[in-house]
Protein chains: 2
Amino acid sequence: MALKAQVLYDFTAEPGNNELTVKEGETITVTNKGIGGGWIEAQNSRGEVGLVPEDYIEFKNEFPAASTAPPSNAGNAAYPDLSVFDAFAPVSTPAQNQASNGNDPWSAWNADPSGGTNNNWASNPEGTQTGKSAPDPWGNVSQGHPQAYQGPAAEDDEWDDEWDEMKSSAGYAESESGEAGGIQRGGMHASSMKISLNKFPGFSKSGPELYLLCKQIAKGKDKLSIYVGEVGPVWSYPETQIDCIVADPKKGSKMYGLKSYIEYQITPNTTNRPVNHRYKHFDWLYERLLDKFGSAIPIPSLPDKQVTGRFEEEFIKMRMERLQGWMSRMCRHPVISGSDVFQLFLTYKDEKDWKTGKRKAEKDETVGVMIFTTIEPEAADLEPLEVEQKCEQFSKFTKAMDDSVKEILTVGNEHWKRCTGPLPKEYQRIGKALQNLSTVFTSSGYQGESTLTDALTAAGKTYEEIAQLVAEQPKKDLHFLMETNNEYKGLLGCFPDTIGVHKAAIDKVKEGDKLVAANKITTQDKVAMSKRLSTMSYTLQAEMNHFHSNRIYDYNRVMQQYLEEQVKFYETIAGKLRQAHGQFTTM
Amino acid sequence: MALKAQVLYDFTAEPGNNELTVKEGETITVTNKGIGGGWIEAQNSRGEVGLVPEDYIEFKNEFPAASTAPPSNAGNAAYPDLSVFDAFAPVSTPAQNQASNGNDPWSAWNADPSGGTNNNWASNPEGTQTGKSAPDPWGNVSQGHPQAYQGPAAEDDEWDDEWDEMKSSAGYAESESGEAGGIQRGGMHASSMKISLNKFPGFSKSGPELYLLCKQIAKGKDKLSIYVGEVGPVWSYPETQIDCIVADPKKGSKMYGLKSYIEYQITPNTTNRPVNHRYKHFDWLYERLLDKFGSAIPIPSLPDKQVTGRFEEEFIKMRMERLQGWMSRMCRHPVISGSDVFQLFLTYKDEKDWKTGKRKAEKDETVGVMIFTTIEPEAADLEPLEVEQKCEQFSKFTKAMDDSVKEILTVGNEHWKRCTGPLPKEYQRIGKALQNLSTVFTSSGYQGESTLTDALTAAGKTYEEIAQLVAEQPKKDLHFLMETNNEYKGLLGCFPDTIGVHKAAIDKVKEGDKLVAANKITTQDKVAMSKRLSTMSYTLQAEMNHFHSNRIYDYNRVMQQYLEEQVKFYETIAGKLRQAHGQFTTM
């Protein structure tokens with residue numbers, strides 16, 4: 001008897017990848033269990049065969065893997081001695097929350113008094129596991145595609161030699177970065193969390209106390225300076241702005257053609273020498289950046305694996321466009337663009353160079369909150385109260401902007417649908433109706449009919465042309481407005497976590513006196529904590545100012561572009577109608 | 001116990017007339033049975049009290065009046081000896097069909113072989129009685145307002161002394177025009193037909209044989225000439241085109257304020273002296289014109305009693321606009337505008353003059369098909385075959401145009417709804433979303449924000465303005481396109497009847513030889529019939545040419561007006577957007 005399996009989560013096949021779209025609750029027949037790389041081959045009830053991630057299914061009559069294992073808080077070995085902070089609630093980490101895009105990352109900041117804790121994770125232990133309502137690129141909630149799937153680990157690692165080293169170190173986050181103890185490790189050992197683990201190896205490194213109380217601050221090199229400029233604290237910007245061009249997607253295949261992939265060519269303006277990367281390399285870069293900078297700098301997620309576009313070409317084009325947007329944003333960030341890992345990605349010389357750099361980046365210990373140890377604000381320390389006020393302000397602003405951006409996405413999506421659906425159909429029908437009337441008039445047999453009928457036909461055709469203009473317009477203007485807002489939605493979705501680290505640090509510093517009184521920390525420790533909180537605040541302010549300046553630039557540009565195209569659109573229509581009008585005789 | 005009644009047909013109250021809207025099947029309580037004039041006062045289940053036409057209700061536990069009496073064909077006394085035509089199927093009359101706007105007047109011309117008879121009435125005996133699905137002014141089928149109700153007889157005749165003379169002669173059509181025998185009188189004596197009888201006193205005068213075989217042709221005066229012009233047979237047009245202005249609606253009341261009415265001022269360009277008329281006077285004129293000219297000239301119905309507009313002012317304005325359109329069309333027709341009854345309506349000197357003229361018009365015997373006796377084509381007689389071909393051509397054309405006009409009305413109505421409903425709401429939401437974003441940005445605390453936020457706010461407001469422009473636009477352009485097509489729909493709806501009379505005459509002439517052989521008519525009669533058919537054909541052709549020339553003028557004008565306004569609309573939007581665009585800084 002064929003091996004049956006039940007689908008646990010909706011999975012949408014990526015075009016051109018021999019995958020099979022399945023729905024939660026569906027029963028499928030497993031036709032090949034031995035595909036490897038986290039995939040099985042299955043057939044659905046309609047006889048369609050394709051690959052399905054094995055984590056998405058449950059074999060019938062088997063005990064469901066470990067996916068139902070409850071979160072465990074065992075093994076909270078901590079360094080430095082974090083047991084002094086047992087009064088603190090466990091703090092959410094960027095990695096955890098950024099992995100659970102399906103949940104409202106803002107929920108922790110909502111006014112709900114019952115849930116008024118910073119601990120997203122504690123109140124939502126399944127956050128990273130079953131984010132089944134991931135927002136689609138237009139802000140709609142799509143049907144049950146677990147966001148966690150977006151990591152590459154479950155995709156095709158086993159088929160790629162280059163990746164084996166990473167695969168084999170599934171638990172390296174523990175072994176190699178021992179100091180990043182298990183404070184938030186609860187339940188993470190369960191095999192169902194494999195994807196998340198692989199995606200966010202640094203999830204356990206970001207408790208702010210790690211930084212606030214660490215003994216050793218700076219290693220001298222790789223210092224990140226913050227200056228106080230006209231607008232307040234700002235990053236040190238490079239003289240030349242890096243940028244790159246993502247282009248020329250090429251299809252390759254593996255496993256004797258069973259799985260295919262797309263390789264993109266990335267050309268930085270610094271070297272003008274192209275390097276090739278697959279989506280999973282981008283994803284690797286994203287993980288490294290998140291791991292290293294996520295506590296201080298919101299790292300926007302990569303474009304969804306599932307983007308709009310039913311056809312492969314459209315899909316590839318869309319993904320490339322979004323990878324370009326993501327890369328440009330990274331290039332524009334002075335800290336990210338200057339980092340070793342980012343430079344490696346853009347300018348590796350050959351395979352060997354890439355592998356060496358990769359290994360080095362994965363062993364980087366200055367990750368999580370430890371990134372703050374490399375930051376040097378060139379300004380006087382800030383009082384905790386001022387820090388808190390700033391933090392509140394940023395929190396409010398980013399929340400408000402997130403709401404506003406989502407509103408634009410909702411409205412824009414509706415407008416898009418109207419412009420590409422009913423509206424052009426209506427103009428087409430108007431056009432047809434006028435042309436039909438013209439045809440009838442032509443049949444009158446009455447003399448001197450043709451001036452009117454020619455003009456009527458032309459008017460009818462004009463409305464058909466308008467129909468087409470209307471249908472095509474969103475691609476010319478609304479598209480960029482939507483893409484920009486979509487990008488900002490992603491970026492803003494990272495702020496609650498970044499700010500969360502900050503808030504947790506503020507809380508910890510507030511406890512300072514109590515801890516000194518209880519002899520848990522020294523007065524020196526307390527002073528150091530306060531100074532380090534000041535550094536964190538400068539970082540957050542520099543980051544906010546970076547965000548503001550980019551935001552003003554981006555919205556100015558996209559609105560100009562939108563309005564320019566809109567003007568052209570209405571002028572074109574007016575021009576066409578004026579021409580149609582001219583065909584009628586003045587009487 | 002209160003007297004209950006069941007509502008037989010939907011009735012929509014006319015605004016400002018103390019009427020009560022009722023639905024078919026509803027039970028109402030009669031609060032005053034003695035109102036008179038065909039009205040009763042009733043209260044519905046929600047406690048609302050108002051007037052309802054008594055023909056629309058059935059008193060509970062009473063035998064339902066005569067409304068269920070079957071059509072009877074008794075009493076077909078005919079003059080001249082029409083019994084010779086017993087081979088002919090009964091022929092529909094314009095009056096009958098024009099009263100049944102709710103049914104498709106084109107149905108008789110459909111290709112349906114089973115119903116391939118000219119007899120609309122026979123296949124639809126309820127045509128004039130329960131036209132319950134009357135198309136509304138925008139071509140939608142409204143819920144059950146019997147079209148027959150539009151006549152004035154049942155409205156308020158008894159309250160108007162001036163009208164008593166007409167009221168008392170409910171049967172005058174029979175007694176005074178005795179020669180108009182009862183060939184189509186079947187079932188018309190039933191009291192349920194009172195409205196139709198009053199509305200169309202001449203319904204029985206139009207059997208074409210009346211004219212084809214009548215002994216005496218012309219009285220010498222009131223001759224209507226037809227010339228053969230460039231486009232074919234044409235009416236003799238007057239040197240000066242009459243027109244008039246319908247304006248200045250004034251409200252009056254009767255029955256101690258129980259019923260109110262509107263009086264319009266009509267000023268013809270010939271005398272430049274205004275006369276006053278109420279809607280029912282227009283309706284009286286319509287009846288006279290239909291009675292006198294309906295067999296030869298399609299007389300479009302007056303604007304519906306129930307026009308769009310929920311508020312009284314809007315309703316009055318709309319009705320006035322449509323009465324103006326109707327009057328202008330009548331003025332443009334050389335035969336109608338030159339007729340005594342039309343001139344009386346436009347130029348009566350005083351009350352006495354009006355009453356005398358009214359009485360005279362009502363006694364006019366040259367009605368129905370007898371109008372053809374006054375027509376003198378100044379051209380050679382046409383062969384019956386040619387007559388038939390022309391007739392077929394007109395029939396096809398008017399049917400095709402009717403379809404096309406209805407298509408435009410349907411599409412236009414949809415467009416109207418979109419432009420006044422969802423579309424402006426969407427632009428408003430876009431505008432609000434942009435303004436909200438601007439408000440959020442303003443709260444950033446970042447320097448140099450105001451250039452962007454001011455521009456964003458301006459852009460948002462621009463989209464709100466666009467929303468308003470979009471919502472108001474249909475009134476500026478689509479309105480006239482719809483009104484013109486609606487007028488044409490009404491006009492085209494009259495053609496099947498006019499052409500029907502013609503087709504019946506053709507059939508009769510075809511029977512000529514047979515009738516001669518059977519000694520039912522003389523050879524002379526047969527020749528006369530053929531000649532008279534030729535006259536009818538010239539009339540139809542002149543009328544078609546009049547229609548064509550007006551149609552070309554009207555559609556040219558309305559399309560120009562529409563496109564002109566459309567151009568202005570799109571240019572205005574483009575201009576506003578250009579201005580909004582200019583507020584963003586170029587970077």
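**Two chains and their contact**

I'll start with the contact between the chains: 54 residues from chain A and 54 residues from chain B take part. Here two residues are in contact if their C-beta atoms, placed from the backbone, lie within 7 Å. Before going further, this is a predicted model, in which local features need pLDDT of at least 70, side-chain atom pairs count only at pLDDT 80 or more, and totals for chains, interfaces and linings use all residues. Residues are numbered from 1 along each chain as its sequence is written, while chains are lettered from A and ligands numbered from 1 in the order in which they are written.

On the side of chain A that touches chain B, at least two residues each come from α13 (384–420), α14, α15 (450–476) and α19 (523–582). Helices are DSSP runs of H or I with at least four residues, strands are runs of E with at least two, and both are numbered from the N terminus. α19(A) gives the most to that side, 21 residues. By class, the side holds 28 nonpolar, 15 polar and 11 charged residues. Nonpolar covers Ala, Val, Leu, Ile, Met, Phe, Trp, Tyr, Cys and Pro; charged covers Asp, Glu, Lys and Arg; the others, Gly among them, are polar.

How do the two chains relate? Chain A can be laid on chain B with an RMSD of 0.1 Å, by a turn of 180 degrees and a shift of 0.0 Å along the axis. That is the relation of a two-fold axis. The superposition is by least squares on the C-alpha atoms of residues with pLDDT of at least 70 in both copies. In chain A, the C-alpha nearest the axis belongs to A:Y570, 2.7 Å from it. Both copies use the same surface, as 100% of the contact residues of chain A recur in chain B.

The axes of α14 (residues 422–442) of chain A and α13 (residues 384–420) of chain B come within 9 Å and cross at roughly 160 degrees. Axes are lines fitted to C-alpha atoms, for helices over the stretch in contact, and angles run from 0 to 180 degrees between N-to-C directions. α14(A) and α13(B) are therefore roughly antiparallel; that word applies over 145 degrees, roughly parallel under 35, roughly perpendicular from 65 to 115, and oblique to the rest. The crossing of α14(A) past α13(B) is left-handed, meaning that the near helix is turned anticlockwise from the far one by less than a right angle, with clockwise being right-handed. Among the residues in this contact are A:R429 and A:L437 of α14(A), and B:M401 and B:H415 of α13(B). The residues of this contact divide into 8 nonpolar, 3 polar and 5 charged.

Next, a pair within chain B. α13(B) and α15(B) pack at about 150 degrees, with axes 8 Å apart, and are therefore roughly antiparallel. B:W416, B:C419 and B:T420 of α13(B) meet B:V470, B:A471, B:Q473 and B:P474 of α15(B). This contact has 5 nonpolar, 2 polar and no charged residues.

Last, a pair within chain A. α13(A) and α19(A) pack at an angle of about 30 degrees, their axes 10 Å apart. That makes α13(A) roughly parallel to α19(A). This crossing is left-handed. Residues that meet here include A:F394 in α13(A) and A:M544 in α19(A). By class, the contact has 7 nonpolar, 4 polar and 1 charged residues.
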